[in-house]
Every structure is written in structure tokens, then in C-alpha cells.
Amino acid sequence: MKEKAVEYKIKGGANRLNEIIRTEIKRKTFSKRNNISGEYSDDGGFDLSNTFSMLYTEPNLGPLVKLNLKSVNSNSDGTESKLILKRKNGMTYNIHFWFAIFFIILTIVIAIYQTFTNGVNESLMIFVLPIFGLIYILLIELFANSTILSLTRRIEKIMTAKKIEYKKL
């Protein structure tokens with residue numbers, strides 16, 4: 001899956017937005033204003049996720065998807081900066097995605113075997129089973145996209161509330 005990055009041009013230094021996000025991440029769970037949790041990213045910036053998640057699996061392997069936020073100065077005097085928001089799939093997403101792929105392949109193999117042993121007339125309905133795996137992938141992708149869209153809107157809401165002028169590139 002190709003990951004798209006959303007870029008914003010921000011008036012002001014990158015440190016101000018980084019400080020705002022850092023303080024929101026450090027707040028305790030019930031005092032958060034924007035339902036954003038996160039950690040420092042290995043790629044630079046922050047990996048943001050929801051504080052309360054709609055999907056929970058046991059064992060908990062982290063959020064389904066994360067939003068990587070990087071804010072860097074685009075000129076030397078610090079009057080303009082660039083904000084890059086990028087989707088990162090979590091371990092939970094990868095497990096659900098590959099489980100669905102395994103289910104699709106397994107059901108296709110079983111359907112082909114049943115077709116060879118029983119004939120085409122009796123085992124044609126078994127070819128409907130891989131559709132359930134595709135529906136599962138689409139549902140996981142729907143949850144992931146809605147989470148990323150929600151986090152992006154929250155970042156825009158934070159920038160608007162703190163009177164940070166921004167323009168989507």
C-alpha cells in the first residue's frame with residue numbers, strides 16, 4: 001500500500017507546534033483535550049494515535065495506525081515551517097491484513113480442491129468464501145482511514161485553536 005503524506009505550510013517556527021503536541025501527549029489520559037496520544041518517532045517527529053481506541057485486541061500490539069507528524073523549518077530565519085503528516089501502519093494492522101490474505105488464499109485452495117473432487121456443479125458456491133476475506137480487508141482499511149482522517153482533523157483543529165496560520169499544499 002502506498003502511503004500518502006499530507007503537507008502544510010505554516011507561518012511561524014516549527015518549535016511552537018512541536019511544543020503544543022508535546023504538551024498534549026504528556027497530559028494524563030482524562031485531562032487530554034484532543035484525544036491524542038503518542039511517542040517520539042524513530043523517523044523524527046511524533047507518532048500520534050488515539051487515546052481511546054475503538055478496536056482492541058488481546059494481546060495488545062499497539063494502535064491500528066499511527067500518524068507521523070514532522071514539523072521542520074523551511075527557511076533559515078524561522079518564519080515559515082513545513083508540517084508533514086504521514087500514515088504509519090501499526091503491528092495490529094499488519095496482523096489483521098495478513099490474516100485476511102491467508103484466509104483468502106486458504107479458501108481459494110479449498111475451493112479448487114473441492115471443484116476437482118466433486119465437480120463444478122456441486123462446489124461452485126465455495127468460491128464465494130474469499131469475498132469474506134476481501135470484505136474484512138476493506139473494513140480494516142476503512143477503520144484505518146477514518147482514524148487517520150480524524151487525527152489529521154484534530155491537528156488542524158489544534159492549529160486553528162492556537163492561531164497558527166497554515167495552508168495545505
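**Note on salt bridges, core and surface patch**

1. D43, D47 and K88 are linked in a network of salt bridges (side-chain nitrogen of Lys or Arg within 4 Å of a carboxyl oxygen of Asp or Glu). The model is predicted: local features need pLDDT of at least 70, side-chain atom pairs count only at pLDDT 80 or more, and totals for chains, interfaces and linings use all residues. Residues are numbered from 1 along each chain as its sequence is written, and side-chain values use heavy atoms, without hydrogens and water.

2. D47 and K88 meet at 3.1 Å, N to O. D47 sits in strand β3 and K88 in strand β5, 41 residues apart. D47 counts as buried at 5% relative accessibility, whereas K88 is partly exposed at 23% (buried is under 20% relative accessible area, exposed over 50%, partly exposed in between; 1.4 Å probe, protein chains only).

3. The whole structure holds 9 salt bridges. One of them joins E7 and K82 at 3.4 Å, N to O.

4. The largest nonpolar core has 24 residues (buried Ala, Val, Leu, Ile, Met, Phe, Trp, Tyr and Cys joined through side-chain atoms within 4.5 Å). I21, L48, L69, L83 and I155 touch the most other members. Helix α3 gives the largest share, 7 residues (helices are DSSP runs of H or I, at least four residues; strands are E, at least two; both numbered from the N terminus).

5. α3 has 33 residues and reaches 49 Å from first C-alpha to last, close to the expected 48 Å (1.5 Å times one less than the number of residues). Just after α3, K163 takes a positive phi of about 60°.
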